[in-house]
Every structure is written in C-alpha cells, then in structure tokens.
Amino acid sequence: MPNFLWPDHRDVPTIGDTSLAALLAGTELPPGSAPELRPLAEALAELRGQPATDELEGEAGTLAAFRNQFGAPRIAHRRPARTQPPRRRLLPVKAAAAAAALLSLGGIATAAYAGALPAPVQRLAHDIIGAPPPGRQPAPTPSSARSVTTGDPAYGLCTAWAHAKVHGTRRQRAVAFSRLAAVAGGAGKVTAYCATAAPPGVSPSQAPQPSPAPRGTGRPSLLPAPHASGKPSGLPSPHSTGAPSVRPTPRDTGKPSGLPTPSQTSARSQDQTAR
Amino acid sequence: MIGEEFESVLAAAQDGSEVAFSRLWRDGNPALLRYLRVIAPEAAEDVAADAWLQVVRGLAGFRGDEQGWRAWLFTTARRRAIDEARRRSRRPEKALEETLPGRLPVAPDAADLALEHIGTRSAMSLVARLPPHQAEVILLRVVAGLDNETVARLLGRSPGAVRVAAHRGLRAMAGILAETDVTL
C-alpha cells in the first residue's frame, strides 16, 4: 500500500520507516529526518508525559475492590477444588489452634479440667493445658479412701475447681465443685483431697471419665473452628463462606490472556459495518 | 511501563499485595485515561473505573508479560467504552463512531490544569482531530505502549492496516501542527 501518498498534507514530508518507528516508540529521530517532524515528536512526547494529578484520582475505589477480591489472607484466589486433600491435613492443626485459643478462656478451661468436654477436645485440652485426658471407661465409683494412684484425676479436678473459683461462671463452679466433691468423698473433704493431688502423668491409667456434661452432646463439632460447624465443602479460610466475593475459578470471569474476545470481535464487526 | 520488575510486581499483586496492585494501577491508569478521554470523552472516568473492576476480578487468572497486561487492560477498557457508548446511544451500531473524535471536549481548561500538563491535553486534542481509527491506533501505540501486532489483534485488523493507520495519523498530526503553527 502506498502509504507515502497523502495529498491532504502537501507540506508534510513522507515519514520513512525508521522515523515512523522512532516516533511511535518515542526514541530519538534518526539523523537526517525532516525537521518538520520535530514538533510531531514533541507532541507525541507530551502524550506520554508524566501523570497528572487528576489521572491518579480514583485509586481508592479500585483498591477497595481489590481488597474485597483478595480479602484477608492470600488463600482467596486459590482454587477450591484442589484444596480438598490439604484441607483435611490442615484441619487438625487449625482445630488445635482454635481449641487452644478457646481453652485459654476461663470457662472452657474449667470444663476441660472437669473432664467435661467431648473426647477430641478433651484430648487437646490434655495435651495443651494438662487437663485430664478423655477416658473410655465409666468413672470409678467414688471412694472415700483415695489412694495415691489417683493423682491424675485429682489433679485435673482440683485444678478445674481452682480455676473455676476464679474465672468460671456460677454454673461452671457448681459443676467443677460437685464433680470434685464426688471424687473426694464429700464437699467437706475437697480441701484435704486437693492438698495431696499429684500433677498429671503420675498415673495415667486412672484417668477420669469425661462425662456428658454441662454443655454437651458429645459431638466433636463443638470445636470452635468455623468450618467444623458443618460446612464440609467450604474453603478453609473464613471468608470462603461469603460465596459471591470469591470467584471459584478466575478463568470463568474474565479472559485475561486471550486477546480478541467474543465481544471484542463483535465490536469489531460493528465498527466495520458502521463505516 | 514498569519494565523489568513487572513480573514480580504482578505476582505480588496476584498474591494479594495491595502495594503491588497500586503500582500497577498508578502505572496503567494515566495512560488508560488518556486513551479513554479521546475515544469515550463523556464517560472516560467511569469506563476506566469499570475496566479496573473487571481487571481486579480476573487478576488472579491472568498470565502474561507487560505487553499482555497492557493489552488486557486496554482491551477491557475498550470493550467497556463500546458498551457504554451503546448504552447511551439509540443507534448502537453507530455508537462508537459517534463518540469518537472530531469534536472532543478535550480542550484544556487551563485554570484546572497544572501548567506542565497543558501540553499533554493539547496533544490529546490534536489526536482527537484525527479520523477515529487513526486516533485510536496512535493512542494505543504511543500512549498504551502496545506494539503493532498487539494493536492489530486488539482492534481486529491486520498488522499492515494498523501500520498504515499509524503512518497516516502521524502525517495528519504533523500536517495540523504545520498548518496551525501550534506550539505545545
């Protein structure tokens, strides 16, 4: 195509290939190019000029959308389908962390020392804060003659009671005390019983039975982690429950990599028919 | 353009780094607005914001280098501009042409502009006087920094046609500059 013919602009010299490339790329015009091209090069340089203040307004809105999309941590954009197996592996860790966080609160700790939590949680409590481990046997009948070998349950119940006295609710205090009194052989013997309580591990075989207790149905779903409450298909992160904000597969949304997109193509044909 | 660091900036943004995304935005938005203020002058800011929202939504799935990124950004914005023009027009098939240059209110209002940017606005008005297709090609090549082949794909035209349009557009600009003796 003879692109050197442009009769409308008789004063304008032809723009050679190298000059054209330089003008478009914003590089120095080749030596010997027509002086008339200088103002053009300057105009093009202005087009590429430094950002003006008003061109940097509106960032906040886009950043808000970005924050919403990528939300809290960095798991947001990963694909849910493939996170299934890792999630199972993660669950105990998260549950433990959540349980630890929760157990550090007075009331639950009391329940843990009282052996009143569901078995998994009780086991965690045992590991983390030295509460009695969950047992499988019914509680031994309270005997008034406590032997030295009952150090473990005694310690747990006494610690629970001590804790409940300070941090527990009235109900928790009542539960902890009545359980302790039952083991000690009466409300009046509690102080003496606890005076000789041994720390856990002394005789693990004598673990007390976790009773169905104050709050409990015994379901493991008492775990505090949000995803333990019956959303097996959810992402591990809390924001995954807000379905609309997280696109499951980013490929569905835009077509970032493919250049001529369908609507692009239709726009093009529009463009052509309009001429 | 961001250049060498682009890859790591993009990766960080895709990983949720707001700072990194902000850098992409601050790099891309001025160019995007200059393009849109010529091809969709009445809705440039809105269209730019819409385009960014769409880019944010697809960001995690984007793969490509800086040319690809720019191409995606401008393609998205162009599509939004066309949608917007259609929405505003009773005759959708002519919408884009009608909003395209020729009588654009890009003329700088000097009172609103910092002195150093009057040149940019004047240059944009100059481009806006070109036939629409030439104006768009010039903007995509010069302002968006896209290469000829990318612009051709974006516009759905042949690389040769785009090259010719660029050449004609530049000559026309030079002609206007010579006739009007404009000093930018």
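**Close-up views of a predicted two-chain model**

**View 1. Helices H8 and H9 of chain B pack at an angle of about 105°.** In this predicted model, helix H8 (residues 148-155) and helix H9 (residues 159-180) of chain B have their axes 8 Å apart. Angles of 65 to 115 degrees count as roughly perpendicular, so H8(B) is roughly perpendicular to H9(B). Look for B:Asn148, B:Glu149, B:Val151 and B:Ala152 on the H8(B) side of the contact, and for B:Pro159, B:Val162 and B:Arg163 on the H9(B) side. Sorted by class, the residues of this contact are four nonpolar, one polar and two charged.

**View 2. B:Tyr35 and B:Phe74 form an edge-to-face pair.** Across all chains, the model has 10 aromatic pairs. In the one shown here, the ring centres of B:Tyr35 and B:Phe74 are 5.4 Å apart and the planes meet at 65°. Planes over 60 degrees apart count as edge-to-face, so this pair falls in that class. B:Tyr35 sits in helix H2 (residues 18-39) of chain B, while B:Phe74 belongs to helix H4 (residues 66-88) of chain B. The pair therefore ties together parts that are 39 residues apart in sequence. Both B:Tyr35 and B:Phe74 are buried.

View 3. As with the pair in the previous view, both partners, B:Trp69 and B:Trp72, are buried.

**View 4. Ring pairs join residues of chains A and B into an aromatic cluster.** From chain A, the cluster takes in A:Phe66 and A:Phe70. From chain B come B:Phe6, B:Phe21, B:Trp25, B:Trp52 and B:Phe62.

**View 5. A:Glu28 is exposed in a loop of chain A.** You will find A:Glu28 in the loop between helix H1 (17-25) and helix H2 (37-47) of chain A. Its relative accessible area is 65%; since values over 50% count as exposed, A:Glu28 is placed in that class. Setting aside neighbours within four places in sequence, A:Glu28 is in contact with A:Ala22 and A:Arg38. The C-alpha atoms of A:Glu28 and A:Ala41 are separated by 8.7 Å, and these residues are 13 residues apart along the chain.

How values were computed. Residues numbered from 1 in each chain as written. Chains lettered and ligands numbered in written order. Predicted model: local features only at pLDDT ≥ 70, side-chain atom pairs only at ≥ 80, totals over all residues. Heavy atoms only, no water. Phe/Tyr/Trp six-rings, centres within 6.5 Å; stacked < 30°, edge-to-face > 60°. Helix = DSSP H or I, 4+ residues; strand = E, 2+ residues; numbered from the N terminus. Buried < 20%, exposed > 50% of the residue type's maximum accessible area, 1.4 Å probe, protein only. Axes fitted to C-alpha atoms, helices over the stretch in contact; angles between N-to-C directions. Parallel < 35°, antiparallel > 145°, perpendicular 65-115°, else oblique. Contact = heavy atoms within 4.5 Å. Nonpolar A, V, L, I, M, F, W, Y, C, P; charged D, E, K, R; others polar.
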